[in-house]
Amino acid sequence: MPVGDIVLTGLMAVLLVGIVGLLTRVENWRSYTPLAGGGAVTGDETAVINREKPAGIIRWLTTVDHKDIGLLYGLYAIIALAVGGIMAMLIRIQLIVPGGAILGTNAYNSILTSHGITMLFLFGTPIIAAFANYFIPLLIGADDMAFPRINAIAFWLLPPAALLIWAGFFLAPMTENMIEPARTAWTMYTPLSVEQTNPGVDLMLLGLHLSGVAATMGAINFIATIFTERDGEVNWANLDIFSWTVLTQSALILFSFPLLGSAIVMLLLDRNLSTTFFAVEGGGPLLWQHLFWFFGHPEVYILVLPPMGLVSLILPKFSGRKLFGFKFVVYSTLAIGVLSFGVWAHHMFSTGMDPRLRASFMAVSIAISIPSAVKTFNWITTMWNGRLRLTTPMLFCIGFVSNFIIGGVTGVFLASIPVNLILHDTYYVVGHFHYIVMGALGFGAFAGIYYWFPVFTGRMYQRTLGKAHFWLSMVGTNVTFFAMLALGYLGMPRRYATYEFDGAIAPLTQVATFHQLATVGAVILLVGQLIFVWNIVQSWLEGPKVEDGDPWNLERDGMLDREFQWFDEQLEAESPEKDPSLLADGGQDEGQSALVDDDEPTEEVGLDRPCRPLAQAQDAER
């Protein structure tokens with residue numbers, strides 16, 4: 001078994017053991033105590049107050065509560081992010097020298113394939129589902145999702161999907177190389193994906209199919225919930241922007257994922273029953289590309305639209321003003337959803353299609369940048385002359401806008417046929433979509449995690465570590481992926497395990513320098529994510545408890561949304577009477593609120609509600 005596979009398998013095993021250890025500390029497994037409210041605990045902390053749910057781990061295996069399922073989605077996505085991140089680091093270490101540092105060609109191709117599929121299907125879609133499951137019912141005033149049991153089924157299809165996708169890494173040591181990880185790249189282009197006899201490819205395809213079924217079930221549930229479960233006061237005019245983006249995303253999933261499932265079934269039939277859907281004498285290899293990219297390009301917006309919604313929701317809160325041009329942000333969201341189905345062939349400009357068809361796809365590909373630009377200008381205008389508070393969620397929102405601009409502009413270049421023909425299948429394409437996937441999706445997800453952290457944990461994260469996470473992520477992202485853009489201009493092809501070859505456009509030493517720079521950036525990114533995991537876990541277990549339902553002081557600007565109103569009700573139910581000892585220790589009376597973010601000084605002009613900083617002992621401990 002290749003060294004890379006052994007290393008990755010060992011790291012994944014260590015990660016799973018660590019997750020089990022973490023779960024044993026999340027709560028008291030002998031009794032159910034709500035994580036963010038829902039019952040008061042008096043006297044002994046282990047006293048059982050709320051018996052609406054079963055106790056212990058049975059709760060998590062049988063729950064249909066949208067908040068619990070949201071937490072499960074979030075944990076699953078973070079695990080996938082860790083696995084995909086380990087794969088990415090192995091790729092970057094391999095490319096630090098021209099001849100390859102640690103991996104053989106087969107091991108490199110296996111890890112490259114699994115990295116892309118893991119990040120897109122096992123991290124990207126589930127992390128969005130985590131936010132949507134937890135907060136959309138709260139934002140629209142619903143009791144739960146429209147179909148709670150289907151919601152639970154949609155999640156529990158994902159763990160077996162991940163095991164099937166990663167199966168080759170676990171089975172290869174036990175089957176004497178009869179089953180190995182898939183080496184098709186994440187696009188699974190034919191005829192390569194048909195001709196590989198490795199059963200690991202079939203397992204990977206089945207896992208992808210299962211994840212697509214789960215995503216489709218979740219999309220139907222979100223559509224039904226937003227249409228039918230809204231509170232009477234929530235209409236289409238005042239529906240929050242995050243719900244709008246999830247609704248659009250769900251429509252895209254509904255029209256695109258079934259097509260991917262059909263294409264996967266045809267590919268499995270070609271592999272196992274000798275059909276000719278993608279054979280030269282049948283539909284042809286290009287049929288796979290058309291079917292895959294008709295799904296694949298809407299998938300980009302499936303991943304990025306909800307983070308756009310998160311930024312559109314969070315950024316105004318720390319700008320001290322409403323989102324500029326709310327209706328135009330909604331219209332641009334819908335326009336992106338419609339146009340996304342008319343741009344797929346810009347991935348195929350070099351396949352020799354009719355030039356007239358190429359021109360039409362180029363026009364639509366450039367046109368779709370217009371609604372994206374509308375959003376960008378609206379975010380910038382929202383911040384213009386606003387009262388900015390550079391909290392960690394706000395920093396990630398600003399980082400999102402910055403990275404999205406770079407990713408979007410580089411995408412416009414790729415939409416141009418002459419430029420695309422030069423840069424196609426080079427590292428320029430890799431840098432472009434990583435600016436979108438990591439620089440936009442990742443940053444939007446981190447903004448949401450930090451913004452809502454008090455709601456789903458009842459505690460506050462360590463703000464210094466949160467800002468360190470942002471700056472390391474921002475620097476690492478731009479160093480890594482800007483170096484990839486440069487490699488693309490130097491002519492470096494993507495998917496190569498080594499680059500020690502003759503005829504390179506640029507000198508080999510120059511190519512190696514940019515690969516090494518990208519690896520340095522990846523190490524910086526890795527350090528940032530380790531800080532993130534430590535901060536989240538430690539703060540969840542031991543962080544200072546939030547005593548106010550408005551931890552970000554949103555009420556002063558009239559921007560306190562429904563989820564924080566719900567959170568305030570949970571805190572009041574948990575502590576119906578104030579503890580008089582708080583006042584004796586320098587606390588506040590009922591007319592004051594706790595400040596849980598040092599980023600906002602108490603003497604700020606216009607602060608209508610006096611704020612109390614956290615206890616000095618807590619600050620010293622952090």
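Leaving aside its neighbours within four places in sequence, which residues is His 434 in contact with? The contacts in this predicted model are with His 115, Gly 439 and Phe 481. You will find His 434 in helix H17, which covers residues 427-457. His 434 has a relative accessible area of 17%, and because the cut-off for buried is under 20%, His 434 counts as buried.

Lys 67 is placed in helix H3, residues 66-94. With a relative accessible area of 18%, Lys 67 is buried. Not counting residues up to four places away in sequence, Lys 67 touches Tyr 134 and Trp 566. Asp 144 is 77 residues apart from Lys 67 along the chain, and the C-alpha atoms of the two are separated by 8.6 Å.

Next, look at a pair of helices. Two packed helices are described by the angle between their axes and the distance between the axes. Helix H15 spans residues 392-415 and helix H18 spans residues 463-489; their axes come within 10 Å and cross at roughly 10 degrees. Angles under 35 degrees count as roughly parallel, so H15 is roughly parallel to H18. On the H15 side, the residues that meet H18 include Leu 395, Phe 396, Gly 399 and Ile 406. On the H18 side, those that meet H15 include Arg 463, Lys 467, Phe 470, Trp 471 and Leu 485.

Now zoom out to the whole chain. The chain holds 22 helices and two strands. Of its 622 residues, 55% are buried. The accessible surface of the chain comes to about 25,300 Å², and carbon and sulfur atoms account for 66% of that surface. Among contacts between residues at least 6 apart in sequence, 79% join residues at least 24 apart.

Finally, a word on confidence. The chain averages a pLDDT of 85, and 83% of the residues score at least 70. Over residues 26-50, however, the pLDDT is below 50, and this stretch has 50 contacts in the model beyond near neighbours in sequence. Residues 600-622 also stay under 50 in pLDDT, with 49 contacts beyond four places in sequence. Where pLDDT is low, the predicted coordinates should not be read in detail.

Key: Residues are numbered from 1 along each chain as its sequence is written. This is a predicted model: local features need pLDDT of at least 70, side-chain atom pairs count only at pLDDT 80 or more; totals for chains, interfaces and linings use all residues. Side-chain values use heavy atoms; hydrogens and water are left out. pLDDT is the predictor's confidence in each residue, from 0 to 100. Contact means heavy atoms within 4.5 Å. Axes are lines fitted to C-alpha atoms, for helices over the stretch in contact, and angles run from 0 to 180 degrees between N-to-C directions. Helices (H or I, at least four residues) and strands (E, at least two) are DSSP runs, numbered from the N terminus. Angles under 35 degrees count as roughly parallel, over 145 as roughly antiparallel, 65 to 115 as roughly perpendicular and the rest as oblique. Buried means under 20% relative accessible area, exposed over 50%, partly exposed in between (1.4 Å probe, protein chains only). Accessible areas come from the Shrake-Rupley method with a 1.4 Å probe; for residues, only the protein chains shown count as cover.
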